[in-house]
Amino acid sequence: MLQQTQVETVIPYYERFLSELPTVKDLAEADEEVLLKLWSGLGYYSRVRNMQKAARQVMADFDGQLPSTSQSLQSLAGIGPYTAAAIASISFNEVVPALDGNMFRVFARLLKIEADIAQPKSRKTFYDIILPIVDPERPGDFNQAVMDLGTSLMSTKTETLSDSPFARFNLSYQEGVELTFPIKSKKVKQVQKFYAAIISENDGSLAYTQRPKTGLLANFWTYPLLEFDSWDAIYDGVSEHFEAAKQLNITPITHIFTHQKWQVMLVQVENEDASWTYLSDDAYETLPQTTLQLKLQAALRENL
DNA sequence: CATGCGTGGAC
DNA sequence: TGTCCAAGCAT
């Protein structure tokens, strides 16, 4: 849950998840719908699918016991170098650095490490430098302490104070270039996309389609979404394809993903389509939903 | 290796 | 408003 997600956001999800599925066996045997309900709104949904895969691996290949080395942990789905090192150091006292965004930042600043952390090969550079620094007696505490340092005194926008105990060890601070570390190259900018979300009602039920089983929001149900080239093209487009198309929102419903920015128009139509599935409100409520779909649903209620 | 994958917080 | 980033990983 903590992969690319802040601790404060995770806590309520974590508590609910563990109270519903307290053991590895429970997780391994759970229905996907139950899993996604517990994860709904947290994002990066492949994480929970991978976690169940990992639980099944643990039951089948490790006799129900989590493997205890960072190397063997990485054979589990969804557990990469960071998570494996975190588990191994905290739970099994393996002397290994848990290289997350915080640790990259803290050591890049302290030691003026100029490797670009956006490049995968930089992981080895940091690993080789930090490994001999990890406290061999308390590697788990060392890792958690560095992460705590990274979220407090050395967060992205925090500069070291002159009376900080770290000031005289912090090479980048000593030279006044602290906030230029870590070095991180730019990512590509996000793509704009325009959709009509089709509202088609039949006998109290609304139309939905299931998203493809791979890719963005895999397998989730949404109102049928039709893509257009621009915001202006949507209304003309749906008017050609549907009867009595009625635009429900004037301003776009905006939803931002990591690499995409969506503008969505709700369009009520009289048509039905064989490819759509009509679900009653009761049936819809049992399904896990994404934040995008919940946003569209809220906008629909406001505009009807 | 580069890219895709969600959502919310902070500024 | 836009921008960056968060206890990263799979492909």
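Of the 35 residues in the largest nonpolar core of this predicted model, A85, M103, F104 and F107 touch the most other members. A nonpolar core here is a set of buried Ala, Val, Leu, Ile, Met, Phe, Trp, Tyr and Cys residues joined through C-beta atoms within 7 Å. A residue counts as buried if 20 or more other C-beta atoms lie within 10 Å of its own, as exposed if 12 or fewer do, and as partly exposed in between, with C-beta atoms placed from the backbone. Two or more residues each are given to this core by α3 (32-39), α4, α6 (81-92), α7, α8 and α9 (139-151). Helix α7 supplies the largest share, 6 residues. A second, separate core has 21 residues, including A196, I198, V264 and L266. In soluble globular proteins, nonpolar side chains tend to be buried together.

Leaving aside residues up to four places away in sequence, M103 touches P97, A98, I130, V146, M147 and G150; a contact means that the C-beta atoms of two residues, placed from the backbone, lie within 7 Å. I130 belongs to α8, where S122, F126 and I130 are buried. These three lie on the same side of α8, because they cover an arc of only 60° around its axis, the arc being that of the directions from the helix axis to the C-beta atoms. An α-helix has 3.6 residues a turn, so residues three or four places apart point the same way. The buried residues of α8 pack against α7, while K124 and D128 are exposed on the face turned away from the buried side.

Turning to the whole chain, chain A contains 13 helices and 8 strands. Helices (H or I, at least four residues) and strands (E, at least two) are DSSP runs, numbered from the N terminus. Of its 304 residues, 27% are buried, and the C-alpha atoms fill a box of roughly 70 × 50 × 30 Å along the principal axes. Among contacts between residues at least 6 apart in sequence, 62% join residues at least 24 apart. For residues 1-152, an unreviewed UniProt entry lists "domain: HhH-GPD"; UniProt positions follow the numbering used here, feature names are shortened, and annotations may be inferred rather than shown by experiment. Over residues 1-152 the chain is 61% helix and 0% strand, with its end C-alpha atoms 21 Å apart.

Most residues other than glycine have a negative phi, and most peptide bonds are trans. D63, in the loop between α4 (46-61) and α5 (70-73), has a positive phi of about 55°. With 7 C-beta neighbours inside 10 Å, D63 is exposed. K112, in the loop between α7 (101-111) and α8 (122-130), has a phi near 50° and is partly exposed, with 18 other C-beta atoms within 10 Å. A cis peptide bond, with omega about 0°, joins F181 and P182; P182 is found in the loop between α10 (171-174) and β1 (191-202).

Residues are numbered from 1 along each chain as its sequence is written, and chains are lettered from A and ligands numbered from 1 in the order in which they are written. As this is a predicted model, local features need pLDDT of at least 70 and side-chain atom pairs count only at pLDDT 80 or more, whereas totals for chains, interfaces and linings use all residues.
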